[in-house]
Amino acid sequence: MVTGLNHVTLSVADLDRAFRFYSEALGLRPVARWYKGAYLSAGNFWICLTLQSDLTERPLNATYDHIAFTVPASDFEALCARLTDAGAQPWQENHSEGDSFYFLDPDGHKLEIHVTDLESRIATLLRTPPRELVLFQTN
């Protein structure tokens, strides 16, 4: 049985640039680094950056796939500014409940910082339920 999310591995073309972005701009905690990779953590979740020098450009609108990081509401505006100052480019406007900033990392991975949680998202769904909504009990 799956008990949680363990980690995400992201291929990067320039390890130094990616490491600076994730540690300094986004604020993840560096854990380990070596010539072809790095581990950084956000709480109990960790990200592996792995050097792939032949990385090709990702098509921006191919999918909605992205990684969202939880951010306290009190830190949201300052972190948005820090990410923008670091060169993070927005990839979409926020259309969901709660504050969100959708941005690209230096290698084109789609990321998000978000202030609410799943409980808040379900409450929003229930206010205007989409067609065929089914909720499952979680104990």
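Visitor: What do the buried residues of α2 pack against?
Guide: In this predicted model, the buried residues of α2 pack against α1 (15-25), β7 (100-104) and β8.

Visitor: Which residues of α2 are buried?
Guide: F76, L79, C80 and L83 are buried in α2.

Visitor: Why would residues three or four places apart point the same way?
Guide: An α-helix has 3.6 residues a turn, so residues at that spacing point the same way.

Visitor: How many residues does helix α2 have, and what does it reach from its first C-alpha to its last?
Guide: Helix α2 covers residues 73-85, which is 13 residues, and reaches 19 Å between those two atoms. That is close to the 18 Å expected at 1.5 Å a residue.

Visitor: And what follows α2?
Guide: G87 follows α2, and the phi of G87 is positive, near 95°.

Visitor: Let us turn to H114. Where does it lie?
Guide: H114 lies in strand β8, which spans residues 110-114.

Visitor: Is H114 buried or exposed?
Guide: H114 counts as buried, because its relative accessibility is 9%, and the cut-off for buried is under 20%.

Visitor: Which side chain makes a polar contact with the side chain of H114?
Guide: That of T116, at 2.5 Å. Leaving aside neighbours within four places in sequence, H114 is also in contact with several residues, among them F69, E97 and R121.

Visitor: Now the surface. Which residues form a nonpolar patch there?
Guide: V31, W34, Y35 and Y39 form the patch, with about 440 Å² of accessible area together.

Visitor: Where does W34 lie?
Guide: W34 lies in strand β2, residues 29-34. At 33% relative accessibility, W34 counts as partly exposed.

Terms used
Residues numbered from 1 in each chain as written. Predicted model: local features only at pLDDT ≥ 70, side-chain atom pairs only at ≥ 80, totals over all residues. Heavy atoms only, no water. Helix = DSSP H or I, 4+ residues; strand = E, 2+ residues; numbered from the N terminus. Buried < 20%, exposed > 50% of the residue type's maximum accessible area, 1.4 Å probe, protein only. Polar contact = N/O pair within 3.5 Å; in protein donor to acceptor, adjacent residues only side chain to side chain. Contact = heavy atoms within 4.5 Å. Expected span 1.5 Å × (residues − 1). Patch = residues over 30% accessible without salt bridge, like charges linked within 9 Å, V, L, I, M, F, W, Y side chains within 5 Å. Areas by Shrake-Rupley, 256 points an atom, 1.4 Å probe, with all protein chains shown as cover. Salt bridge = Lys/Arg side-chain N within 4 Å of Asp/Glu carboxyl O.
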